[in-house]
Amino acid sequence: MPRVPLPDELGRRAFTTAEGVRSGLGTGRLRGPDLLRPFHGVRTVAEASDTVARCRTYLPRLRPGQFFSHDTAARLWGVPLPTRFDPTAPLHVSTFAPRRPPRTRGVIGHELGPDRATIVVRGGLPVTDAASTWLQLAGVLALDDLVAAGDHLVLDPAVLDPLDLRPFLSLDELVEAAREFRGRGSRLATEAAPLVRVGAESRPETLVRLLLARSGLPEPVVNHVVTAVDGRFIARVDLAYPDLRIAIEYDGDQHRTSTQQYEHDIARFDRLHEALVVRVRSHGLFRDPADTVARVARALAARSR
């Protein structure tokens, strides 16, 4: 027997079984092999590929007063998280007391005090605001990763996306939020806030900056713009000691796997022919940070003579 087609509206989004029944679908059709069951009582035709899609899939189950929080909110804000945070882990959904949090497969529910978060709508999804999300991360991240999360949230990028205005909060707002916070991780938030900088565009850039400063070297400038004598743009480097003409560049996997990226980098380095460029790879950051510190120290010594 031919499969009963889904109404157009339900074929384009996740829906509850109750919605399906109201649209004329029988229980047998709702158990059809073409329909996925990502959450209890929810059906969809498309598998969610990322956190945003998973949250949209859960949206039909979201009750008034419930919102996405914690690790899930961090991903909705695009915060770079360590690899130990599994993007396919259960979603974090919160509510303010005395409302009860959800209890269902695929979701971790939280009941928050009314002063513990501010809720905004991001991409059509209710989520804790950037400051509240960062403070929640203070309870689960190490110091450097919390600083990297802060760097991401206060970033005012060189290339703006008109559909996703940045920064998500100002540095002053982040520092003030940490100062007033009294929840889990408050001590770490207070320690991390003064280390946050405007300008870092990736987690590795932040980690390299913190590594060098913690090792006793001068703190480099983030995403420094190099210009010619006539003011013409030459390049923008991840980290720099401008007075000494030293650039520090982190080479991620895209530099190794993308021919276009590789050629772009070569062209950039050619334009920086008067600068001493220290290139840092993943191994030099995560496995042998002492080597990275030594290489930068040698560059500083060479240019300081």
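1. In this note a residue is called buried when its relative accessible area is under 20%, exposed when it is over 50%, and partly exposed in between, with a 1.4 Å probe and protein chains only. The model is a predicted one, in which local features need pLDDT of at least 70 and side-chain atom pairs count only at pLDDT 80 or more, while totals for chains, interfaces and linings use all residues. Residues are numbered from 1 along each chain as its sequence is written, and side-chain values use heavy atoms, with hydrogens and water left out.

2. On the aromatic residues, rings of Phe, Tyr and Trp (the six-membered ring of the latter) are taken to pair if their centres lie within 6.5 Å, and planes under 30 degrees apart count as stacked, over 60 as edge-to-face and the rest as tilted. Four aromatic pairs are counted by this rule. One of them joins Tyr-58 and Phe-68 edge-to-face, at 6.4 Å centre to centre and with 70 degrees between the planes. This pair links distant parts of the chain, since Tyr-58 lies in helix H4 (residues 51–58) and Phe-68 in strand E3 (residues 66–68), 10 residues apart. Tyr-58 counts as buried because its relative accessibility is 1%, and Phe-68 is likewise buried, at 0%.

3. The rings of Phe-67 and Phe-96 form a tilted pair, because their centres are 5.0 Å apart and their planes stand at 45 degrees. Here too the pair links distant parts of the chain, with Phe-67 in strand E3 and Phe-96 in strand E4 (residues 91–96), 29 residues apart. Phe-67 is buried, with a relative accessible area of 1%, whereas Phe-96 is partly exposed, at 21%. A separate entry to inspect is the aromatic cluster formed by Phe-39, Tyr-58 and Phe-68.

4. Helices (H or I, at least four residues) and strands (E, at least two) are DSSP runs, numbered from the N terminus. Helix H6 (residues 130–137) is mostly covered, eight of its eight residues being buried. These buried residues pack (contact meaning heavy atoms within 4.5 Å) against several elements, among them helix H5 (70–76), strand E5 (107–112) and helix H7 (143–154).

5. Strand E6 (residues 119–122) pairs with E7 in the antiparallel sense over four bridges, where pairing requires that DSSP find at least two bridges between the strands. Thr-128 in E7 is the bridge partner of Ile-119. The hairpin of E6 and E7 has two residues between its strands, and Gly-123 takes a positive phi near 60 degrees there.
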